[in-house]
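Subject: Structure handover

Hello,

Please find the structure below, with my notes after it. You can follow the notes with the model open beside them.

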Amino acid sequence: MSDLLLKNISQYINLSEEDFQQFVKPFEYRKVKKKEVILKEGDHCLFEGFVLSGCFKIYYLNENGFEQTLYFAVEGWWITDIDSLINNVSSILNIEALEDSEVLMISKKDKEHLYELMPQIEKLFRIMNQKSSVALQRRILSLTGKTADKRYLEFLEKYPGLEQRITQQQVASYLGITHEFLSKIRKKLVIR
């Protein structure tokens, strides 16, 4: 089960088998049922999670009560509300399982303890946070500067096969458009 986690972190750092076992020790394995919310707006985020199987959506409700999806997390992705976790503030995000899922979760305290025991783990999370910042910047630029058609094509590239696993409403929420407009885009792209 931890093979996927080892593969994920091996992109950034090399750990011996012994070091990897020390790294995974504080992670808690959790099964999450479809539609289960593991972080609710207003709560404090106390974890970072690594998705072993399944799919999550990370979203918030805008001031009109409409769902805005920040990102989806599938196998090999990390989930958290970094603002809530780091700054110990109430979350504005919700994290919900879209499928029966499995996740490895680590607390902030346990993660910081790993930093002290294993300096390469601090390097790992620094690199991952940098990559996350780049992805967030690209997402903002896409939302503010690209057409919905281009955002849809980027979605398909970023999340291959995900469109078959989630609803068109969820795709539209990610793209920041209505379900009806997404249908028009999909029809137009099929015609090409």
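A disulfide is taken here as a pair of cysteine sulfur atoms within 2.5 Å. Please keep in mind that the model is a predicted one.

**Cysteines**

With that cut-off, how many disulfides does the structure hold? The count is 0. Cys45 is in no disulfide, and its nearest cysteine sulfur belongs to Cys55, 18 Å away. Seen from Cys55, the closest cysteine sulfur is that of Cys45, and 18 Å is too far for a bond. Are these two cysteines buried or exposed? Cys45 is buried, with a relative accessible area of 3%. Cys55 is buried too, at 0% relative accessibility.

E1 and E8 (residues 101–107) are joined in the antiparallel sense by 5 bridges. Within this part of the sheet, Glu28 stands opposite Met105 in E8.

Phe27 is a residue to look at next. It sits in the loop between helix H2 (17–24) and strand E1 (28–32). Phe27 is buried, with a relative accessible area of 9%; the cut-off for buried is under 20%. Which residues does Phe27 contact, leaving aside its neighbours within four places in sequence? They are Trp78, Leu104, Met105 and Ile106. Phe27 and Glu48 are 21 residues apart in sequence, and their C-alpha atoms are 9.5 Å apart in space.

**The sheet with E2, E7, E4 and E5**

Another open sheet of 4 strands runs in the order E2-E7-E4-E5, again with antiparallel pairing. Which strands stand at its edges? They are E2 (37–39) and E5; each has a single partner strand, so one side of each is left without a neighbour in the sheet. Neighbouring strands of this sheet are turned by 30° against each other on average, direction ignored.

The pairs can be taken in the order of the sheet. E2 and E7 share 2 bridges in the antiparallel sense, and Leu39 stands opposite Ile95 in E7. E7 (residues 94–97) is also paired with E4, in the antiparallel sense over 4 bridges. Here Lys57 stands opposite Glu96 in E7. E4 is paired with E5 (residues 67–74) over 7 bridges, also in the antiparallel sense. The bridge partner of Tyr59 in E5 is Thr69. E4 and E5 form a hairpin with 5 residues between them. In the turn of this hairpin, Gly65 has a positive phi of about 85°.

Why is strand E4 described as largely enclosed by the rest of the structure? Of the 7 residues of E4 (residues 55–61), 5 are buried, so the strand is largely enclosed.

As background for reading both sheets, the side chains in a regular strand alternate between the two faces of the sheet.

**Helices H4 and H5**

Two packed helices are described by the angle between their axes and the distance between the axes. The axes of H4 (residues 108–117) and H5 (residues 119–145) come within 5 Å and cross at roughly 125°. That angle makes H4 oblique to H5. On the H4 side, the contact is made by Lys111, Leu114, Tyr115 and Leu117. On the H5 side, Pro119, Ile121, Glu122 and Phe125 take part. What kinds of residue make up this contact? They divide into 6 nonpolar, no polar and 2 charged.

**Helix H7**

Helix H7 (residues 168–175) is mostly covered, with 7 of its 8 residues buried. The buried residues are Gln168, Gln170, Val171, Ala172, Ser173, Tyr174 and Leu175. After H7 comes Gly176, whose phi is positive, near 75°.

Regards

Key
Residues are numbered from 1 along each chain as its sequence is written. This is a predicted model: local features need pLDDT of at least 70, side-chain atom pairs count only at pLDDT 80 or more; totals for chains, interfaces and linings use all residues. Side-chain values use heavy atoms; hydrogens and water are left out. Axes are lines fitted to C-alpha atoms, for helices over the stretch in contact, and angles run from 0 to 180 degrees between N-to-C directions. Angles under 35 degrees count as roughly parallel, over 145 as roughly antiparallel, 65 to 115 as roughly perpendicular and the rest as oblique. Contact means heavy atoms within 4.5 Å. Ala, Val, Leu, Ile, Met, Phe, Trp, Tyr, Cys and Pro count as nonpolar, Asp, Glu, Lys and Arg as charged, and the others, Gly among them, as polar. Buried means under 20% relative accessible area, exposed over 50%, partly exposed in between (1.4 Å probe, protein chains only). Two strands pair if DSSP finds at least two bridges between them.
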